[in-house]
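Reader: I have a model open and want to go through it piece by piece. Can you take my questions as they come?

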Amino acid sequence: MVQYNFKKITVVPNGKDFVDIILSRTQRQTPTVVHKGYAISRLRQFYMRKVKYTQQNFHDKLSTIIDEFPRLDDIHPFYGDLLHVLYNKDHYKLALGQINTARNLIGKIAKDYVKLLKYGDSLYRCKSLKVAALGRMCTVMKRIGPSLAYLEQIRQHMARLPSIDPNTRTVLICGYPNVGKSSFINKITRADVDVQPYAFTTKSLFVGHTDYKYLRYQVIDTPGILDRPFEDRNIIEMCSITALAHLRAAVLFFLDVSGSCGYSIAQQAALFHSIKSLFMNKPLTIVCNKTDLQPLEGISEEDMKLVMEMKSEAMKTLVAQGGEATSDADVLLTMSTLTEEGVIAVKNAACERLLNQRVEMKMKSKKINDCLNRFHVAMPKPRDQKERPPCIPQAVLEAKATEAAEKEKRKTEKDLEDENGGAGVYSASLKKNYILANDEWKEDVLPEILDGHNVYDFIDPDILQRLEELEQEEGIRQAEGEEEDFEMDGEELTAEEKEALAVIRKKKSLLIQEHRIKKSTAESRPTVPRKFDKDRKFTTKRMGRQLSALGVDPSKAINRLRERSLSRRGRKRERSTDRGHDDGGAMDMDVDQPNKKLRLRSTSRSRSRSRPPNEVVPGEGYKDSVQKSKALKLFKKSAQKRNKDARRGEADRVIPTLKPKHLFSGKRSIGKTDRR
């Protein structure tokens, strides 16, 4: 359980914001209206309340800051030293001390001015004392502005610190920079520590969590340490030293035997001997990393001698505690984070040694006697020499046999691929499950082109017969279609009608071709009035000649067009022919008629016939006119109540004001009262 959560510390405002927050709260939470006519005791009480309320707000806010920031003497030594390394303990205590001093000063100022306000003799005197009190409080807050800004920076940095529990099971990773510490923590935990091929990529402590024997272990990745005097180490290195000094953890000292980190084994051994005092009473394991580049057996004799000296020192770490030297297998381990060879073995060895040490320490403590008195382990003894084998029901045995058979599944393609060299070496056969008359045919190569022909065209043995049937069917359908073209209402056309039909079809095809030519040459344009028809292509005479050539009487079509042109003209335009006695108004009429008839025709303009309401229009969804009339009746009936209530539609939910306030409120004036 994490005991220290620095993320919950309240934000520390700067000096100006602090003053604005307190004064605006005082303005909102205290009375603001006062008059000269008030009794002097009431005036004094009004301004004393403002001074006391302001002082109480300052006191509460400053007390919150002082209480929420950790006291370095009361927290765990690990966090105390870590905060000292990061922020300088003296500056930290000095800033909190200034906040505490400001709180006391504001309290004294409020106390003094409340005494003066008790003897205020006028509104002006009380107001001046209140202004002076609040001004002095704000001055005190402005003086501690740098301390508030410093504490806010510390709060932001502490919120980013990892949540480390100093009392739980911990595995600590240390060593020179760039030896593979961050890669190891990324492999065994879900932490995402940045890994780069240069030194000091890790600049602070990183925490990950892993499980071993159903117990949670926290793994701490420390920044790299250099072999130099204690006074010359920077803040990044001191974070690692602090963790090694104060955390009761299993230590993994990483050793790069390949030398690719930029430091030789001799330099790493010197670092080990310089900080070995920090390893006392801790399970220490030396991990030789990057064995994929350089195996441990391939190093020189001098380097091997140094590694053996480090191993002997590691075996003495538990002797000082009263235990015996551990076995060689758990003290010196090899692994490679690149190939993940030996990574899990290193994690298990470190967790096992730490667990054994914690159990041993608890067994030696005084509390164990109180716990052992509560336990009693019962060991059953045989009552006779008779053997009593376990009795397992037959159904259970059958179920176990079924489960065992289910486990023996057939090998998948993935299993076969792993057995035969992996991806890129093994190629799965897609033809091995073909169902053929002879299994030897499965791997035969089927040619696509043979003798210049597509093989798939000759796979079907009946393809020629089917093609012939399709051609016969197509010929029959074409013959039926030609016969149907020359039929009309089931009767055969005469020779003259066939000739006329052929001419019409020819004309139709010519029109289609002409339209396509116009469209392709971008000459397609909308219909234009007749005055723009320069070529006189669209005239009644031309239409009459064409229809007469086809053997059709064109008189009805021409009269119908003339009637439409007459009905579309306005009445004034038609009467202009009577006044002017010229042919300009009737220039479009081919037949000369008396002016009286012309006026009658212009006045009696043709109009379209109205459709009866019961007539069914295709697409309305009614079966017949009876159903439509019934639906119209129901619609009118449903709209009666809505119309009665003056609703706009079915969705109109407006509730009218039954009694307008301007008519039914207020005093009666002199006059009639019928408006009420």
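Reader: Where does Lys 118 lie?

Author: Lys 118 is in the loop between helix H4 (89-117) and helix H5 (123-143). Helices (H or I, at least four residues) and strands (E, at least two) are DSSP runs, numbered from the N terminus. This is a predicted model, in which local features need pLDDT of at least 70 and side-chain atom pairs count only at pLDDT 80 or more, while totals for chains, interfaces and linings use all residues. Residues are numbered from 1 along each chain as its sequence is written, and side-chain values use heavy atoms, with hydrogens and water left out.

Reader: Is Lys 118 buried, partly exposed or exposed?

Author: Lys 118 is partly exposed, with a relative accessible area of 45%. Buried means under 20% relative accessible area, exposed over 50%, and partly exposed in between (1.4 Å probe, protein chains only).

Reader: Which residues gather with Lys 118 in a patch on the surface?

Author: Lys 52, Lys 111 and Lys 115 gather with Lys 118 in a patch of positive charge. Patches are made of residues with over 30% relative accessible area and no salt bridge, with like charges joined within 9 Å and nonpolar side chains (Val, Leu, Ile, Met, Phe, Trp, Tyr) within 5 Å. Lys and Arg count as positive and Asp and Glu as negative, while His and the chain ends are not counted. The place of a charge is taken as NZ of Lys, CZ of Arg, CG of Asp or CD of Glu.

Reader: And Tyr 119, buried or exposed?

Author: Tyr 119 counts as exposed, at 71% relative accessibility. Tyr 119 also lies in the loop between H4 and H5. Its C-alpha atom is separated by 9.7 Å from that of Ile 40, 79 residues apart along the chain.

Reader: Which residues gather in a patch of negative charge?

Author: Asp 462, Glu 468, Glu 469, Glu 471 and Glu 474 do, on the surface. Asp 462 is in the loop between strand S8 (453-454) and helix H15 (463-485). At a relative accessible area of 37%, Asp 462 is partly exposed.

Reader: Salt bridges next. How many in the whole structure?

Author: A search finds 18. A salt bridge is a side-chain nitrogen of Lys or Arg within 4 Å of a carboxyl oxygen of Asp or Glu.

Reader: What does Arg 228 form a salt bridge with?

Author: Its partner is Glu 237, and the closest N and O atoms are 2.2 Å apart. Arg 228 counts as partly exposed at 28% relative accessibility, whereas Glu 237 is buried at 0%.

Reader: What about Glu 313, which residue does it form a salt bridge with?

Author: Glu 313 pairs with Lys 276, with 3.7 Å between the closest N and O atoms. That pair links distant parts of the chain, 37 residues apart: Glu 313 is in helix H10 (residues 301-315), and Lys 276 is in the loop between helix H9 (265-274) and strand S5 (284-289). Glu 313 is partly exposed at 23% relative accessibility, and Lys 276 is partly exposed at 32%.

Reader: How far apart are the closest N and O atoms of Lys 432 and Glu 413?

Author: They are 2.6 Å apart, in a salt bridge. Lys 432 lies in the loop between helix H14 (413-419) and strand S7 (449-450) and Glu 413 in helix H14, so the pair ties together parts that are 19 residues apart in sequence.

Reader: Now the interior. Which residues of helix H3 are buried?

Author: In H3 (residues 77-87), Phe 78, Tyr 79, Gly 80, Leu 82, Leu 83, Val 85 and Tyr 87 are buried. The buried residues of H3 pack against H4, helix H6 (145-159) and helix H8 (235-246). Contact means heavy atoms within 4.5 Å.

Reader: Which residue follows H3?

Author: Asn 88 follows, and its phi is positive, near 70 degrees. Most residues other than glycine have a negative phi. Asn 178 has a positive phi near 65 degrees, in the loop between strand S1 (170-175) and helix H7 (181-188). Asn 281 has a positive phi of about 65 degrees, in the loop between H9 and S5.

Reader: Last one: how many helices and strands does the chain have?

Author: The chain has 22 helices and ten strands. Buried residues make up 29% of its 676 residues.

How values were computed
Accessible areas come from the Shrake-Rupley method with a 1.4 Å probe; for residues, only the protein chains shown count as cover.
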